[in-house]
Amino acid sequence: MTKRRKIFATILLFSIIVGLLLIWMLYDKKMMTASITSSNGARYTMLLPQDFVPVHLNDSAASLQYENKKKDLFILVIDESKSKIISFGLDYDLETYMKIAIDVRDVGTLHINRPVSSGANKGFQTDIRATVNNKKMVYLLTCFETPMFFYQILIGSSEKQYESNKDEIEKMGNSFHEIN
């Protein structure tokens, strides 16, 4: 009788391990690394979900635009050369750049900028809630300042799908690395 119990316990343990591995594989949100070189010379990498596809989101300044329509989730990255900004007679610091990026997407709401970093580059991150075309949206906006560029990373999701997309939003939002 003890031999049967050992065999049964071994089979049960093996089945549980295989089951857990299958569940982990099904629910693990696979990410891919995107390496981008923009037309103005900015070079960076970011993690993107593997089910994202390139898209044009009506922002010609964006060097990266991807989405998953089924998940109602998108990302766009804008990189702006500091020398070009200075050539227009402007001189931004990171706080000013972040304020402008927020004001473009939201009016009159108070935002708390959380400090973030990517290597030696400092940045700010904030959440924005807005209604666009009668649809409630949640955005994660991250801005970085590097020696030659300012970067805006905007990740958006419908409010309805935000909780199910939150893990991927955070992974993308915290994966930016400039390549020198």
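**Close-up 1. Glu67 and Lys69 joined by a salt bridge.** In this predicted model, the side chains of Glu67 and Lys69 meet in a salt bridge at 4.0 Å from N to O, a salt bridge being a side-chain nitrogen of Lys or Arg within 4 Å of a carboxyl oxygen of Asp or Glu. Glu67 counts as buried at 13% relative accessibility, whereas Lys69, at 67%, counts as exposed (buried means under 20% relative accessible area, exposed over 50%, and partly exposed in between, with a 1.4 Å probe and protein chains only). Local features need pLDDT of at least 70, side-chain atom pairs count only at pLDDT 80 or more, and totals for chains, interfaces and linings use all residues. Residues are numbered from 1 along each chain as its sequence is written, and side-chain values use heavy atoms, with hydrogens and water left out.

**Close-up 2. The salt bridge between Asp72 and Lys135.** The closest N and O atoms of Asp72 and Lys135 are 2.8 Å apart in this salt bridge. Because Asp72 lies in the loop between β4 (62–68) and β5 and Lys135 in strand β8, the pair ties together parts that are 63 residues apart in sequence; strands are DSSP runs of E, at least two residues long, numbered from the N terminus. Asp72 is partly exposed, with a relative accessible area of 21%, and Lys135 is partly exposed at 35%.

**Close-up 3. Arg129 and Glu159.** The side chains of Arg129 and Glu159 meet in a salt bridge of 3.4 Å, N to O. Arg129 lies in strand β7 and Glu159 in the loop between β9 and α4, so this pair ties together parts 30 residues apart in sequence. Glu159 counts as partly exposed at 36% relative accessibility.

Notes. Helices (H or I, at least four residues) and strands (E, at least two) are DSSP runs, numbered from the N terminus.
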